[in-house]
Amino acid sequence: MASSSAPRVAAAGPVVSLRNVTKRFPGVVANDRVTIDIMPGEVHVLLGENGAGKSTLVGMLSGLQKPDEGEIVIDGMPVDISSPRQALDLGIGTVFQHSMLVPSLSLVDNFALGGAWWRRPDREGLARRIGEQATSIGIRIDPFALAGDLSLGEQQQVEIVRALMRGTRCLILDEATAMLTPRDAEQLGELMRRLVKRGIAIVFITHKLNEALAYGDRISVLRLGRNAGALGPEALAAADNHDAMAEVVRMMFGSAASEHTRGERRPLPAASELRTVLEATNLSVDDKSVPLSAISFAVGAGEIFGIAGIDGNGQKQLAEVLAGQRPIAGGQIALNGADIGRMTVGERRNRGLRYVTDDRLGEGTVAAFPVSTNLLLKQIGDVRFWTRGLERPAAIADHARKHVSEYDVRTPGIETPVGKLSGGNIQKVVLARELSGSAEAVIFSKPTYGLDVQNIRTSRRRIQEAADFGRAVLLISTDLEEILELADRIAVISQGKLVGTIANDSEARQKVGEMMSGIAQ
Amino acid sequence: MGLFTEAFLTSLVVGAVAAGIPLLLAGLGEQLSEKAGVLNIGLEGMMLVGAYCGFLASFLTGSPALGFLAGAGGGAVVAAIMAILCVRLGLNQIVIGIALTLGAEGMTSLLHYVQFSKTYPRLDAVETTAIPLLSQLPVLGDAFFNRPPVVYFALIMVGVMIYLYRSTHLGAALQAAGDKPAALDAAGVDVIATRSFAVLGAGLFAGLGGAFMAIVGAGIFVPFMTHGNGFIGIVLAMLARGKPLWVLFGALLFGASLSMTTALQVAGVDIPTDIIQMLPFAMVMLVLVLAGRKASLPLALGSSYVRGAR
Amino acid sequence: MSVEDISVADATDRARVDRLRAAIHMILITVGPVIAALALGGLILIALNVNPLEYYAYTLRRGLFSPTGLQATLTRMGPLLLIAASLIVAFRAGIWNLGGDGQFLLGAVIVAASAPLMTAFMPVWLVLALCMVMGAALGALWSVVPALLRAYHGVNEIITTLMMSFLGVSLANVLVKLAFLDPSTTTPQTRTLPVDDRLPRLFGTTTSSGLIIGLVTIIIVHLMMTRTAFGLKLRVVGANAKAAVHAGLHVPLLTVAVFAISAALTGLAGAVDILGTQGNVRADWNPAYSLMVVPLVFLARFNGFGTIAFVFLFSVLSIGGESAARKLGVPNYFSLVVVAILLIVFGLTEYLEQRRQTIARK
C-alpha cells in the first residue's frame, strides 16, 4: 500500500494526458481508445498482463511510435512526439529494463557521450552535477565508478539521474523491476517516493500486482489494449490491502469465476496416496545474482506442482539445476527414488526427466535445423533413429510426421527450419519433443510466455494431459493465472527460497498473492 | 665474447626498434579497430599494400617521406573496402578479412612482378635524424634517438593514442562503439561513422608500418614480405587490453626476439635463425596459455550494429 | 477432366515450376560469384595489358585440356581436398581452424624425414600407410593447445591457431635444416623419397592416387557431417552452443574432437603431398594452401560434393596459371587475387540473399 503520509505537491492538472489513444499493428489492436491522466507528484502505475498494451503506450510516449488515433496532451497542449529526442525535449524521460550504459566506461564518461569529438570531456564539472542531482534525490553514486561494476538496480538509479539532469518532468519506468532483485526493487520504490515529492510525475509500468499496490498512488489497469479500470489515491488510501488486491485482480483478469475454471480438473488424489516421482531435498545452488538455498519439495505422479513468483527470484536457476545444466552446491535431487544430482543432462533425460525451457529459440531449438531434427535434438544417436551412428531418414521422418500431426504443428513441412515457424508452433515442437516417449517428470518453465491466446490454451491443455497420463509435472511460471488454473499445489519462490506450499483451493489466489508480496509466510 | 657486452645490447636494442616499429604500428591500428568493435583480420593485407605503395612511391620519387604517405594511403584504401563491406553492409568480418589479406598478397605480388619483373630494385638507405644529446646515450642512444623521423612519429603516436582514448569524446565514443553500440546510438552518435573511422585509422597505421618495413627495414619489396607481422599485431592488440603503452612494450619485446639473430651473431653465439624465428610465436602461445582467459576483448567485437535489434 | 483434376494438375505444375525456380536460383547464387570473380579478374588482367580471354583460354588449355595438365590438376586436388575436408569439419562445428599451414607442413616434414628411412626395412605399402597415420597424428597434436584453450577457457581460436601455424612453419624449417637434412646434397632439403616408393600412380597416368584419398575422404567427411549422429552433434555445437548444452551434449569434449579431426586431416594432406608429389621438403618451402581453400569451402556452403567441384576449378586455375606464368608473364599470384575476389563476391551474394529474404517476409 502506498504510504501517503508525505504531503503531495499541489497538482494544477495532468502533466501528460493520453486521450483516446489508439494504435494498431497488423492483426492486432495494441491500444484501443486508451485514456489516462498523469498527474505531477504521483506514482501512476500502469498495470496489466503481458500483451495488455503497456509497452506500446510507452513507445508512443517516448517518441518511438505515433498513435493512429487520439492525442497526447502535455501541459494542456496536444503534441506530436515524433522522435525520442523530441520526447526528451518535451520533458518525458524513459528508463527501460535493459540498461543503456556502456559497461566499460565510467558514469561520467557515459553521460558525456555525444560531445564534440576532439574536446576533452569536462569530467570534474559533470561529476559535480551528477553528485548534486543524486544527493538531491537521496541516492549515492560514485560518478567515476565503471558502469559495469554497478548492480542493475544501481544502473537504473543512474539512468534516473540522467533523465533528471535532462529536465525530465514525467519519468517513465518501463518494467523497471523486471530484472531487479526484490531488495533493489524496494530501493527503487523508495526512490520513486522521493522523486514524486519534488513534483515529478512517474509512470511505473509493471505486471506485478504487489508492486503496484506497494508503490502506486494511482493505478490504471490495462487489459487487452483497453482501460480496464482505475484506482485513484483516495480509493487506495481508503481500502485495505486485501480488498485492493482483490479489486485489482478482478480488473486484470476478470472475475475468478470466469474462463479459467478449476472445476474442469479431474479430482485430486489425496496427497498421501501419491507416489513421489521428483523430489528435491535441501537443494542449494550457487549463482551470482540469485543463489538458491534450502529448496525442498516433492511432486507425485499425476500431480501438477506449481511454483509461482516474481520473475528473477531463482526460477531459471531451479529449472536448470533440476535438468542438469547447473551443478548442485548442496542437497539432493531424486527421480523415482534414485539420486540424480550427479548425473548429466542426458542421463537424467534417459531416466525420464524432461525440461521444457522458456528460451525456445535461444536454447530449446536450433533455428536453422529442420523440425524433424529438432524433434530429436535430445536423442541424437538413439538406436531407433540412428543405426550404428548412421541416420535412418525414414524413421526420423515418420517420427516427425507423427508428432507434427499429433501436436498440430503448423509447418510447411517437416524439413522446414524451425526458426521459420511462429512462436506458438515452435512451442508445440518443443512440447512434442519433451512430452513424448517415456517421460516420468516434466519441468515446464514459463511455458506460455509470449504466446497468443489460442496457443496458450493449447499449451495449458498439454500440461494438464501430461499430468493426466500419470507424469509428475513441475510448473514454474510467473503467470499467476496459469498457476491457479493448473496447479494442484502451489509454492512461491522468493529470493531463491521456497516460501510456503499450499493446496490450490478457493483461498489460494489470496494466499499466493500475499506470499508473493511478502505479507504472509 | 660475452652476452652482455655493449655491442650485443646495442645490436639487440637497435634491432628491436627496427623490427618493432612495424609491429607497433600494426598493433596500434588493430587496437583502434578492436576498441570500436571491428575485428580486423585483414591487417596483414593492409600492411602489405602499404609496403608496396610505400616502396613504389619512394622508388619513383626518391623521397621516403612520400613513400610513407603513399604507404599509409594504400593501407587506408584497403581499410575503406573493409569499412564499406563490414561496417556499413554488415558482412562477416572474418571472411572479408581473410579475403582482403589474400587479395592484397596477390595484387601486390602481381603488380611488383609486372613493374619490375624478376629484379628487386633497392632503395637508398634512409637518412637518420639524430636527436642532440639523447643520441649520445650508450645503447639506447643509437636505438631510439638516432633513427629516421618516422620512428619518432611512431613513438609519438603511442602518446597520441593514449591521449585520444583517455581524454577526448572520440575515445569514449570508440569505447562505446565496441562495448555497447546501442548506448552510443542512444546518445546520438553515429555508430557506423565511429567504427568506419576506427577501421580507416587501422589501415593508415598498418599501411605506414608496411611502408616502414619496405623503405627502412629491407630497402626492397619482396612478395609476402610482411610475413605474419600483421597477425602478430593482432595478437599484440588482443593482449594489450586497450592500452597503447602495452602495445609498445609487446612490439619491442617481439622486435627483440626477431632481431635476436643479428645480436647473437655480434656476441659470437651461433643459434640458427629458424629457432630464433620461433621465439615470438612461442612467446605468444605461452602468454595465451597463462593469461588467455583474461585477454579482454570488447563485448560487441565481431558483430555488426543494427539499430533496433534488441 | 473434371474441374478438380485441372486444379490438381495446376497445383502440380505450380509446384514443379517453384522447384525449378528454386533450383535455378541455387545455381545462380553458387555459380554467379565464380563468373563475377573471373570477370573482375579479367578487368585486372586488362589493366596489366593482358588479354583476359587469352589468359583464361590458355589456363584452361594447360590446366584442363592437356593430358599432362589435367593429370597435374588432378594430382594437386588430392591434398587440397583433404584440407577442404578439414575445414568443413571445423567450420560446420563453428571452429575457425586457421592453423592449417603449420599442421600441413609438420605432417609433411615428419613424413619426408621418415619415409626414406623406413623403406629400408618395410614394404612400401606399410611405409605409406604408417606415414599417413604419422602425418595425421602430428597435425592433430599440433592442435591440442588451441583446442584445450578454446574448449575449457574460451580463448578465441583464430589467434591461437594462427600463432601455432607460424610456430609450426618455423619449427618445420628448423627440423628440415637441422635435424633431417639430406647429407648427400648441398641443397637444403630432406632426403628424397624415390619415385617408386611414393603413392602409386593411377592407371598408368601421372596422377597420384592421393586424388583418390582426397575424394574418398571428403565424401566420408560430407556423409559424416550430414548423415551421422556424431556429425549432427558437431553441427549443433556449431549452430547454437546453448542448445547443445541444453540437449545434453558434452561441448568441451566435442570441441577438442573437432580440432583433432580437422588438424589430423590437414596433417594428412601434408603427408599425401609428400608421398604423392613432392618426395621431399625443401627448406623454406610453404605452399600455404590452407587459406586459399577457405573461400572454396564457403562457396560450396560446406557441401562435400560442391567442394569437389570448386577445388577442381581452383586446381585448374592453379596449374594452368603456373603455365600461364611462364608463357604470358602473369605470375601465379593471380589465382590468389581471383580467390580473394571470389570470397568477397560470395559475401555480397549472401548479403543480398538475406536482404531479399527479409523483404519477402514483409
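The model is predicted. Chain C is built from 14 helices and has zero strands. Chain A is divided into domain 1, domain 2 and domain 3, and an open sheet of six strands is found in chain A.

**Chain C: fold and dimensions**

- Along the sequence, the pattern of chain C reads α-α-α-α-α-α-α-α-α-α-α-α-α-α.
- A compact globule of 362 residues would have a radius of gyration near 21 Å, and chain C agrees with this because its own value is 23 Å.
- Taken along the principal axes, the box filled by the C-alpha atoms of chain C is roughly 85 × 55 × 40 Å.
- Of the 362 residues in chain C, 54% are buried.
- When contacts in chain C between residues at least 6 apart in sequence are considered, 79% of them join residues at least 24 apart.

**Chain C against chain B**

- Chain C brings 37 residues to the contact, and chain B brings 37 residues.
- On the side of chain C that touches chain B, at least two residues each come from helix H6 (144-153), helix H7 (157-179), helix H12 (290-299) and helix H14 (333-361) of chain C.
- H7(C) gives the most to this side of chain C, with 14 residues.
- By class, the side of chain C that touches chain B holds 31 nonpolar residues, five polar residues and one charged residue.

**Chain A: domains**

- Domain 1 of chain A spans 16-253, domain 2 is made of 264-352 + 439-521, and domain 3 spans 363-437.
- Between the C-alpha centres of domain 1 and domain 3 of chain A there are 43 Å.

**Chain A: the open sheet of six strands**

- The strand order is E16-E19-E20-E13-E21-E22 in chain A, and the pairing is mixed.
- Strand E16 (353-356) and strand E22 (497-503) of chain A are the edge strands, each pairing on one side only.
- On average, neighbouring strands of this sheet are turned by 20° against each other, direction ignored.
- Strands of a sheet pair through backbone hydrogen bonds, in a parallel or an antiparallel sense.
- Strand E13 (residues 304-308) and strand E20 (residues 472-476) of chain A run parallel and are joined by four bridges. A:Ile307 has A:Ile476 in E20(A) as its bridge partner.
- E16(A) pairs with E19(A) over four bridges in the parallel sense. A:Arg354 has A:Val442 in E19(A) as its bridge partner.
- E16(A) is covered on both faces, with A:Leu353 and A:Tyr355 buried on one side and A:Arg354 and A:Val356 buried on the other.

**Chain A: helices across the sheet**

- Helix H10 (residues 315-323) of chain A lies across E13, E16, strand E19 (441-445), E20 and strand E21 (489-494) of chain A. The angle of H10 to E19(A) is about 155°.
- Helix H16 (residues 453-468) of chain A lies across E13, E19 and E20 of chain A. H16 runs at about 150° to E20(A).

**Chain A: strands E1, E2 and E4**

- Strand E1 (residues 16-25) and strand E2 (residues 28-38) of chain A are antiparallel and pair over seven bridges.
- Opposite A:Thr22 stands A:Glu69 in E4(A).

Methods. Residues numbered from 1 in each chain as written. Chains lettered and ligands numbered in written order. Predicted model: local features only at pLDDT ≥ 70, side-chain atom pairs only at ≥ 80, totals over all residues. Rg over C-alpha atoms; globule rule 2.2 N^0.38 Å. Buried ≥ 20, exposed ≤ 12 C-beta atoms within 10 Å, placed from the backbone. Contact = placed C-beta atoms within 7 Å. Nonpolar A, V, L, I, M, F, W, Y, C, P; charged D, E, K, R; others polar. Pairing = 2+ DSSP bridges. Axes fitted to C-alpha atoms, helices over the stretch in contact; angles between N-to-C directions. Domains from an automatic or database assignment.
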